[in-house]
Amino acid sequence: MAKKVLVVEDNELNLKLFCDLLRAHDFTAEPVRDGREAVARARDFAPDLIVMDIQMPHVTGYEIILELKADATLQAIPVMAVTAYAGRDDEERIRAAGADAYVSKPISLARFMDAVGALV
């Protein structure tokens, strides 16, 4: 059975790229364009991994990670942060919130898939 990945990304091109790349590697990818829907979709979809953009309108990926990790039913799902925030302090803050991996944009497709493979 294919592993399921919830992809939370507000940029349409990135969302399509990540989902297409995951599907090409035999994952089931579920896109979420609005971060406000991420936690509810995670409950419904029960993913094996969540790929989380950090810089989004309305709610940040950082805030969503905190919410996911505070939820007993969702906290065990690994989260891979994908972000243009590339400073050392940013990575430490995002990992401290509960992200299991951190990939900076622009992404290397190989590095993206390596990070996914390490988590699922």
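Trainee: In which sense do strands β1 and β2 pair, and over how many bridges?
Mentor: This is a predicted model. In it, β1 (residues 4–8) and β2 (residues 28–32) pair in the parallel sense, over 5 bridges. K4, for instance, has T28 as its bridge partner in β2.

Trainee: What does the chain pass through on its way from β1 to β2?
Mentor: Helix α1, residues 12–24. That β-α-β crossover is right-handed.

Trainee: What is the strand order in the sheet?
Mentor: β2-β1-β3-β4-β5, an open sheet of 5 strands with parallel pairing. β2 and β5 (101–104) each have a single partner strand, so one side of each has no neighbour in the sheet. From one strand to the next, the twist averages 20 degrees.

Trainee: Back to β1. How many bridges are there between β1 and β3?
Mentor: 4, again in the parallel sense. β3 covers residues 49–53, and its V51 is the bridge partner of V7.

Trainee: Which strands does α1 touch?
Mentor: α1 packs on the sheet and touches β1, β2, β3 and β4 (79–83). Its direction makes about 170 degrees with that of β2. Helix α3, residues 61–70, lies across β3 and β4 and runs at about 150 degrees to β3.

Trainee: New topic: E9. Where is it?
Mentor: In the loop between β1 and α1.

Trainee: Is E9 buried or exposed?
Mentor: Buried. The cut-off for buried is under 20% relative accessible area, and E9 has 1% relative accessibility, so it counts as buried.

Trainee: What does the side chain of E9 make a polar contact with?
Mentor: The side chain of K105, at 3.0 Å. Leaving out residues up to four places away in sequence, E9 touches several others, among them N14, F18, D53 and M56.

Trainee: Now the whole chain. How many helices and strands are there?
Mentor: 5 helices and 5 strands. From the N terminus on, the elements run β-α-β-α-β-α-β-α-β-α.

Trainee: And what is the radius of gyration of the chain?
Mentor: 13 Å. A compact globule with 120 residues would have a value near 14 Å, so the chain agrees with that. The C-alpha atoms fill a box of roughly 35 × 30 × 25 Å along the principal axes.

Trainee: What share of the residues count as buried?
Mentor: 46% of the 120 residues. As for contacts between residues at least 6 apart in sequence, 59% join residues at least 24 apart.

Methods: Residues are numbered from 1 along each chain as its sequence is written. This is a predicted model: local features need pLDDT of at least 70, side-chain atom pairs count only at pLDDT 80 or more; totals for chains, interfaces and linings use all residues. Side-chain values use heavy atoms; hydrogens and water are left out. Two strands pair if DSSP finds at least two bridges between them. Helices (H or I, at least four residues) and strands (E, at least two) are DSSP runs, numbered from the N terminus. A crossover is right-handed if, with the strands pointing away from the viewer, the path from the first strand over the helix to the second runs clockwise. Axes are lines fitted to C-alpha atoms, for helices over the stretch in contact, and angles run from 0 to 180 degrees between N-to-C directions. Contact means heavy atoms within 4.5 Å. Buried means under 20% relative accessible area, exposed over 50%, partly exposed in between (1.4 Å probe, protein chains only). A polar contact is a pair of N or O atoms within 3.5 Å; within protein, one must be able to donate a hydrogen and the other to accept it, and residues adjacent in sequence count only if both atoms are side-chain atoms. The radius of gyration is taken over C-alpha atoms; the globule rule is 2.2 Å times the number of residues to the power 0.38.
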